[in-house]
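Please read the following points alongside the sequence and the model.

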Amino acid sequence: MRMYYSAIDVLNAVSSGEGFGIPTLEAQACGTPVIVGDWCASAELCFAGWKIPATRGHAQRFRDGQMSFLHIPHPESIAERMEEAWQELRVKFAGDHNGIMELFPKEVAKRVASYAIDTVIRAHWKPIFDELAAEVAQPHSRGVLRIIRPEEVIGVAA
């Protein structure tokens, strides 16, 4: 994946909706700027790149079957951002793809690194698991009362 992201000039990751946007983080971690919609999770993960606004003329908004908002970006808006990316990268690097890394200040690298799985586990998951373990270890905790056998759940006799 690193070779792929490093080989492209910009990742076009505009979508109608996004759960989290892992490719957005992966690309930036490899030094590749991104283009995303400013209406989904990727918008918060765009540290170096361009966003398509969620306004009329750039995207059409509607509700889906789950009553969630989706946006259909207008192709012209994506093309404008692609042209903007091309012009900025062409002027800055004159075809030297190795120079693209200079577009990323250390702050961007730090922000992207904060989403690395070991960092997320250490900073967010471990404190919760430690708290739960301490709570279960307390004398007032009921802990595990008994193990339920599969036949009790499914209703199948042994």
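1. Just after helix α2, G31 adopts a positive phi of about 90 degrees. Helices here are DSSP runs of H or I with at least four residues, strands are DSSP runs of E with at least two, and both are numbered from the N terminus. This is a predicted model, in which local features need pLDDT of at least 70 and side-chain atom pairs count only at pLDDT 80 or more, while totals for chains, interfaces and linings use all residues. Residues are numbered from 1 along each chain as its sequence is written, and side-chain values use heavy atoms, with hydrogens and water left out.

2. Helix α2 itself spans residues 22-29, and T24, L25, A27 and Q28 are buried in it. Buried means under 20% relative accessible area, exposed means over 50%, and partly exposed lies in between (1.4 Å probe, protein chains only). Seen down the axis of α2, the buried residues fall within an arc of 165 degrees, so they line one face of the helix. The arc is that of the directions from the helix axis to the C-beta atoms.

3. Which residues are linked in a network of salt bridges? They are E80, R81 and E84. A salt bridge is a side-chain nitrogen of Lys or Arg within 4 Å of a carboxyl oxygen of Asp or Glu, and by this rule the count comes to three. In general, side chains of opposite charge can pair when their charged atoms come close. R81 meets E80 at 4.0 Å, N to O, and the closest N and O atoms of E84 and R81 are 3.8 Å apart. E84 and R81 are separated by about one helical turn because they are three residues apart in helix α4 (residues 75-93).

4. Is R81 buried or exposed? R81 counts as buried because its relative accessibility is 13%. Its two partners are partly exposed: E80 has a relative accessibility of 44%, and E84 has a relative accessible area of 37%. Leaving aside neighbours within four places in sequence, R81 is in contact with I35, W50, K51, I52, P53 and H58. Contact means heavy atoms within 4.5 Å.

5. P53, one of the residues in contact with R81, lies in the loop between β3 (49-52) and β4 (59-63). P53 counts as partly exposed, because its relative accessibility is 22%. Beyond its neighbours within four places in sequence, P53 is in contact with D38, W39, H58, A59 and R81. P53 and W39 are 14 residues apart in sequence, and their C-alpha atoms are 7.6 Å apart in space.

6. An α-helix has 3.6 residues a turn, so residues three or four places apart point the same way. D130, at 40% relative accessibility, counts as partly exposed, as does K126, with a relative accessible area of 44%.

7. A nonpolar surface patch is formed by I117, I121, W125, I128, F129 and L132, with about 610 Å² of accessible area together. Patches are made of residues with over 30% relative accessible area and no salt bridge; like charges are joined within 9 Å and nonpolar side chains (Val, Leu, Ile, Met, Phe, Trp, Tyr) within 5 Å. Accessible areas come from the Shrake-Rupley method with a 1.4 Å probe, and for residues only the protein chains shown count as cover. L132 is found in helix α6 (residues 117-137) and is partly exposed, with a relative accessible area of 44%.
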